[in-house]
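Here are my notes on the model. Please read them with the structure open.

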Amino acid sequence: MINVKPNLMPLLKEKGITQQQLSEMTGIPQGTLSRFDRNTRHESTHLFTIARALGIGVEDLFIVQEQEDK
């Protein structure tokens, strides 16, 4: 089983970028960005826009953990 969690806020902290700055870079409303780590669904266009703005791959926006099925 695979567990996938958003990783946006740690990435922003690592890069020294605020949600507001990312909003200005991407055109994605700041409120949408603030909900990113709490949501389980994300618009694909937002994922690619955020990844490009941060210079990372889409997969880097998430933490993927594999769990053994018991």
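1. Glu68 is exposed, at a relative accessible area of 74%. Here exposed means over 50% relative accessible area, buried under 20%, and partly exposed in between, with a 1.4 Å probe and protein chains only. Glu68 sits in the segment after strand 2 (62-66). In sequence Glu68 and Ile2 are 66 residues apart, yet C-alpha to C-alpha they are 8.7 Å apart in space. Helices (H or I, at least four residues) and strands (E, at least two) are DSSP runs, numbered from the N terminus.

2. A word on the source. This is a predicted model, in which local features need pLDDT of at least 70 and side-chain atom pairs count only at pLDDT 80 or more, while totals for chains, interfaces and linings use all residues. Residues are numbered from 1 along each chain as its sequence is written, and side-chain values use heavy atoms, leaving out hydrogens and water.

3. Which residues of helix 2 are buried? In helix 2 (residues 19-26) they are Leu22, Ser23 and Thr26. They lie on the same side of helix 2, because they cover an arc of only 105 degrees around the axis. The arc is taken from the directions from the helix axis to the C-beta atoms. An α-helix has 3.6 residues a turn, so residues three or four places apart point the same way. The cover over the buried residues of helix 2 includes helix 1 (8-15), helix 3 (30-34) and helix 4 (44-54).

4. Take Ser23 in helix 2. Ser23 counts as buried, at 11% relative accessibility. Neighbours within four places in sequence aside, Ser23 is in contact (heavy atoms within 4.5 Å) with Ile28, Pro29, Gln30 and Leu33. Just after helix 2, Gly27 has a positive phi of about 80 degrees.

5. Now the aromatic rings. Rings of Phe, Tyr and Trp (its six-membered ring) pair if their centres lie within 6.5 Å; planes under 30 degrees apart are stacked, over 60 edge-to-face, and the rest tilted. That rule gives one aromatic pair. The rings of Phe36 and Phe62 have centres 6.0 Å apart and planes at 40 degrees, so the pair is tilted. Phe36 lies in the loop between helix 3 and helix 4 and Phe62 in strand 2, so the pair ties together parts 26 residues apart in sequence. Phe36 is buried, with a relative accessible area of 5%. Phe62 is buried too, with 18%.
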